[in-house]
Amino acid sequence: MNGYKEEITLEGHIIDSGILAKVWGAVMDLGGNFDLQEIRVGRSKNETSFARMQISAPTDAQLHRIITALQDHGALLVSREDVKTEPAPCDGALPDDFYSTTNLPTQVRLDKRWVDVAGTEMDLAIVIDNATQSARMIPISDVKQGNAIVVGHDGIRVIPVERARDRETFSFMASNVSSEKPKKLVIDEIARQMRETRARGGKILIVAGPAIIHSGAAPYLAEIIRAGYVQVFFGGNAIAVHDVEAAVLGTSLGVALHSGEAIEGGHRHHMIAINTIRRAGSLRAAVEQGILKQGVMYECIRHNVALVLAGSVRDDGPLPDVITDVIEAQRTMRAALDGVEIALMISTMLHSIATGNMLPASVKVVAVDINPAVVTKLADRGTFQAVGLVTDAELFLRELAEALHLE
């Protein structure tokens, strides 16, 4: 194929991880061609493989698309040019040829040396600080006019996540969504990972939806928090409101949790819960005043869990603790994610996808929902490292508490 050409290299466990095959597939899918010029195959667990190939395409724009796709798999351009930047044209906007990040560890070449890019997250831009020779990923809303924004594909290195030679249950189950998974096996593995994470001081994140309260799973989640297995908690107005309703009135959306029967006048119970907290001033104030004495929110506050509640247009109230500015909510969530190693996303599609978009690929993610489509969406949106479990929130949390030896 005549036309435009670039030479790339790949190095690592590129054969047993399937990376080499993915690269070849991406080139052909995007209408390009490749010429394998050199390959060295690792012969032991610790020996890496290497491949050098020439990529060609009929147009420069097509070659650019191919190279950008290959960089997501760790391809490195042989040309040793430094990363290119252009100034942001105005606040909150990027140059036309901006580089859009992945959730994989990324480096840029500055003054002939590779520099780690801070703040790994998908769908952001990279800004260069020339004074300190540093780079970081930032959301488009935080871009300021004149920022040096990375453009094109020169001088960028993405480090792919390779399949471990010694497979663990967690990685084996990742991206395999099925209602027929051996759930006990996976939950036992999740519990083991949680114990190890807590032992080394890593953080565990819970992203929770109101179905946890409706299904009667709140006592198990409260127990897990009380045992010190949760350091960060993300949710919306709904889970907090219904948790308060359950704690104060014994109902969730007006349905008695002890019997499953609708309570006369129960339709206003969630509004009573909202009013109770608004009168107290906040969830923390309600705990301190002895109004809120149990539940998920109570345990989060008592155990100094970083609690971030992000609002939506659907919210009643909302509670005083809910952040109603979505950009501010994103910033608060990002700040709370530092040090998170495991994320459990339970029965909440929108909050799960939003959080997944903020997590680097190194964070182990478990997505739990009774609807398979919800679990699948998380991986479809780019959180490829997610383990998907199609099951009821109450069943999952009850078995997780048991696996953590809390009962």
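Helices in this tour are DSSP runs of H or I with at least four residues, numbered from the N terminus, and a residue counts as lining a pocket if it has an atom within 4 Å of one of the pocket's grid points. Bear in mind throughout that the model is predicted.

Begin with the second largest pocket, whose volume is about 410 Å³. Of the 20 residues that line this pocket, select Val-326, Gln-330, Met-333, Leu-350 and Ala-354, which are the closest to its centre. Then extend the selection to α11 (326–336) and α12 (349–358), each of which supplies at least two residues of the lining. Which helix provides the largest share of that lining? It is α12, with six residues. Colouring the lining by residue class will show eleven nonpolar, five polar and four charged residues.

Next, turn to the strands and select β5, β10, β8, β9, β7, β6 and β11, which in that order form an open sheet of seven strands with mixed pairing. At the edges stand β5 (84–87) and β11 (156–158), each with a single partner strand, so that one side of each has no neighbour in the sheet. If you look along the sheet, neighbouring strands are turned against each other by 40° on average, with direction ignored.

To inspect one of the residue pairs in detail, select Thr-85 together with Val-150, its bridge partner in β10.

Key
Residues are numbered from 1 along each chain as its sequence is written. This is a predicted model: local features need pLDDT of at least 70, side-chain atom pairs count only at pLDDT 80 or more; totals for chains, interfaces and linings use all residues. Side-chain values use heavy atoms; hydrogens and water are left out. On a 1 Å grid over the protein atoms alone, a cavity is a set of points where a 1.4 Å probe fits but cannot get out, and a pocket is an open set with protein on both sides within 12 Å along at least five of seven lines; lining residues have an atom within 4 Å of a point. Grid points are joined across faces, edges and corners, and a volume is the space filled by probe spheres set on the points. Ala, Val, Leu, Ile, Met, Phe, Trp, Tyr, Cys and Pro count as nonpolar, Asp, Glu, Lys and Arg as charged, and the others, Gly among them, as polar. Two strands pair if DSSP finds at least two bridges between them. Axes are lines fitted to C-alpha atoms, for helices over the stretch in contact, and angles run from 0 to 180 degrees between N-to-C directions.
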